[in-house]
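Student: I would like to learn how to read a few features of a protein model. Please take them one at a time, the general idea before the case.

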Amino acid sequence: MKVRTVLNYLMGVTFSLAPLMPLSAMPLSAQAQDTWQDAPAPIADMLDSNWFPAVTISPNRRWLVRLDRPTLPALELIAEPRVKLAGLQLNPNTRGPAIEYAYRSLTLQDLETGELKTIDLPADAQVRNLDWSPQGNYLAFTLTQPDGIELWVANTQTATANRLTSPQLNNTYGSPCEWIDETAGLLCKLVPDNQAAAPEAPAMPPGPRVAESLGRQAPQRTYTNLLQTPHDAALFEYYLTSVLARGTVAGDVTQISDPQLISSARPSPDGEWFILTTFQQPFSYQVPASRFAQQITVLDTQGQPQFTVDDLPLADDIPVTFGSVRTGRRSVGWRADRPATLYWVEALDDGDAGKPAEQRDAVYQLPAPFTQAEPERLWTTELRFNQVLWGQDDFALGTEFWYDSRQLRTWQLNPANPDAEPILRNERDFQDSYNDPGQPVTAPGPYHRRTLITTPEGDGLYLSGRGASAQGVYPFLDRWHLESNETERLWQASDPHFEQVTLLLDDAGKDLITYRQSPTEPPNYWRRNLSTNQATPLTDFADPLPWFEQVSRQVVRYQRNDGVTLSATLYLPPGHDPEEDGPLPTLLWAYPEEYRSRDAAAQVTTAANAFSRPYGYSPRFLLTQGYALMMGPTMPVIGEGEEEPNDTYIEQLTASAEAAVDYLVESGISRRDQLAIGGHSYGAFTAANLLAHTDLFQAGIANSGAYNRTLTPFGFQGEQRTFWQAPEVYTEMSPFTYAANITTPLLLIHGADDENTGTYPIQSERLFGALQGLGGTVRWVELPAEGHSYRSREAVGHALWEMTRWLDTYVQP
């Protein structure tokens, strides 16, 4: 029986078996333990190491800000009060997210001189929501206080920061503020003044919970943290109610709206108009807030409504087929290259990707003042709309995709003449990394919004790509000649570095900032001049975990029995030579993926030259304990033609695992009697399946997984069919179905507050119950207050302790 006292909730973990006994002495009944264990040395000290800073660069390319990352938070921070409403987890004291990732400090670096200046902030600052002003002279950010969230602005010229508001920002949904411009300041969502206390829950339930469906199809994935009661609905309305206000960098704050349930407010590039999106009743108990009814309105600078874009109804009936969307005007935004031109997308197929249709979406545009002209259709897509990158009046790039076929198309559009025929520029399988031409490079345009960078002659663009190929992964910068549709390679990374273009500093594509790393060199920013072939470091971040510098890391390739080439990243502890030292106990950490093409499935996309250090509860920490690690062995599940990938999921999964094990044994890395399989989420599902269907492993580790697919009946992962359309697939793929076959020791770890769609904690609890009842060897660990991923120092240390103990017990000699 699980004990859920306050002490156990804050301090404890629920287990199935006493922790320090050999298998033969372990009792069959579940036991509770109420103290944390920490990871073994040297992992425990490593978990407290400081990591190199994160970085943000100003739009004017003049300033680089270093953001000091936090260490793992204490459980008391993770377990702070939270309210779960409509798919959200909120901190009722701050009006922000219940679990936030906040930086600790800001350091300003002049990219011209290299001079560093620390921006003074209050002690124990919790820095979030960073946003550069359009011109790049100011950096807005928030500081989280115990009673709310404040807006601050840093001045790059003086390297100082000032508080602009009291703790009254509303950060419950989306960003709390967006820049208008440096003169008008920011547009923010504020908690209304003198708002009453939150509604109290009734002392007694006012009646039974009732739901009914009257013949209308409304399939849903297994969402979490939905509204449950009328009191939840009242809390949702209370916490998400905001007023809209303008705040200048001088600290003047002007309210421009009445209290409303504001989702977002986005200024036009010229700062003269705002797109306001608000939630509308009735709310739903079946879907998250993103699918609630919405009203989208254009306001003037005084907050007065000038144009209603759409009143979107509740979208609780979107088909589960991938690529299905809500009906009505969606993806509403501003053209980045115009002062104030709206664009939006409307489905032409009722939003149903499972419905045959020659045309899927229409993209419209409408310039200010919005009421003097009819919306103009800019582009009609054959596939589902993905995005538009704006360039100039007569040039934009639009992309469309289709999940079933993995198609991705890029079209050249002419916004000034929508009647002009779009030009197809590229078409490929979006999983085909070897033929990925790269992403068009953008930079702030005339209205300080990101637009396509054109070559000085105006006849080309720039493409920055990851550069995966059969020879390895080497990022590149290309010039794209539009007339010929050919590309010219301007620069490409080379051994021993993995180096990516961060931004261009000139329109000629000669001066750029890159992010460079190698297996032994931590990631740092460099300024590279292609004309002189000179590279100058801009940062000098140190290795946070130098112990791993001597770890052997190699991208290896091998073949499955059906001829598909597989790959993995193989890690060996420092100094270990398999030929001289012999094999090691080995953990394989897996996560499969569905493909429509054997060629795409066989591609190697792991960068061998990347810097690799573990963080959180990464299995790479187990290298310190003498284990070998095969990280990410590819396990493609391929379905070509009319065949769905999951029709042969078990066969392909088993074949992939057999190929990986054969490679490890034949290479002298491992022994067949010292192997473990593990994974997180869908990887945990994989681990359980491999224990149920093979005898390859001596132990398994499954973190935050789902094991009974009948509990996710309207699809999961890449599976679009419902349980009733493919009951045999759901049954065969569920390791719960074959729990009697799982005789290999299995460790189950799950966060008690898992928010991920489909991976309810009950999934692990029920698999444990099945294995316990069947006489299996199993341990179940539930981490209090943790979500799908584990964040607190206590939970991370404990998870690694569990993983190490399990392998030491069942995989070591």
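Tutor: Start with the salt bridge: a side-chain nitrogen of Lys or Arg within 4 Å of a carboxyl oxygen of Asp or Glu. The model shown here is predicted. A search of the whole structure finds 37 salt bridges.

Student: Which residue forms a salt bridge with R338, and how far apart are the closest N and O atoms?

Tutor: The partner of R338 is D393, with the closest N and O atoms 3.4 Å apart. This pair links distant parts of the chain, 55 residues apart: R338 sits in the loop between β22 and β23, and D393 in the loop between β26 (384-392) and β27 (395-402). R338 is partly exposed at 28% relative accessible area, and D393 is partly exposed at 41%.

Student: Is D361 buried or exposed?

Tutor: D361 counts as buried, with 0% relative accessibility; the cut-off for buried is under 20%. D361 forms a salt bridge with R384, where the closest N and O atoms are 3.1 Å apart. The two belong to distant parts of the chain, D361 to strand β24 and R384 to strand β26, 23 residues apart. R384 is buried too, at 1%.

Student: What is the case for E802 and R779?

Tutor: Their side chains meet in a salt bridge of 2.7 Å, N to O. E802 is in helix α11 (residues 793-810) and R779 in strand β51 (residues 778-783), 23 residues apart. E802 is buried at 0%, and R779 is buried at 1%. Elsewhere, salt bridges that share partners join R330, D349, R360, D361 and R384 into one network.

Student: How should I read a sheet, and which strands stand at the edges of the one with β22?

Tutor: Strands of a sheet pair through backbone hydrogen bonds, either parallel or antiparallel. Here four strands form an open sheet in the order β22-β23-β24-β25, with antiparallel pairing. β22 (329-334) and β25 (376-381) stand at the edges with a single partner strand each, so one side of each has no neighbour in the sheet. On average, neighbouring strands of this sheet are turned by 20° against each other, direction ignored. Inside the sheet, β23 (residues 341-347) and β24 (residues 361-367) are joined by seven bridges, and V345 has V363 in β24 as its bridge partner.

Student: How many bridges pair β18 with β19?

Tutor: Five, in the antiparallel sense, between β18 and strand β19 (residues 273-280). A265 stands opposite L276 in β19. The two strands form a hairpin with five residues between them, and G271 in the turn has a positive phi of about 75°. β18 also runs antiparallel to strand β16 (residues 241-247), joined to it by two bridges, with S242 opposite Q260. Of the eight residues of β18 (residues 260-267), six are buried.

Student: Which cysteines form a disulfide?

Tutor: A disulfide is a covalent bond between the sulfur atoms of two cysteines. The count here comes to one disulfide. C177 and C188 form this disulfide, with sulfur atoms 2.2 Å apart, and the link is right-handed, with 115° about the S-S bond. C177 lies in strand β14 (residues 177-181) and C188 in strand β15 (residues 185-190), so the pair ties together parts that are eleven residues apart in sequence. C177 is buried at 8% relative accessible area, and C188 is buried at 3%.

Conventions: Residues numbered from 1 in each chain as written. Predicted model: local features only at pLDDT ≥ 70, side-chain atom pairs only at ≥ 80, totals over all residues. Heavy atoms only, no water. Pairing = 2+ DSSP bridges. Axes fitted to C-alpha atoms, helices over the stretch in contact; angles between N-to-C directions. Disulfide = S-S within 2.5 Å. Buried < 20%, exposed > 50% of the residue type's maximum accessible area, 1.4 Å probe, protein only.
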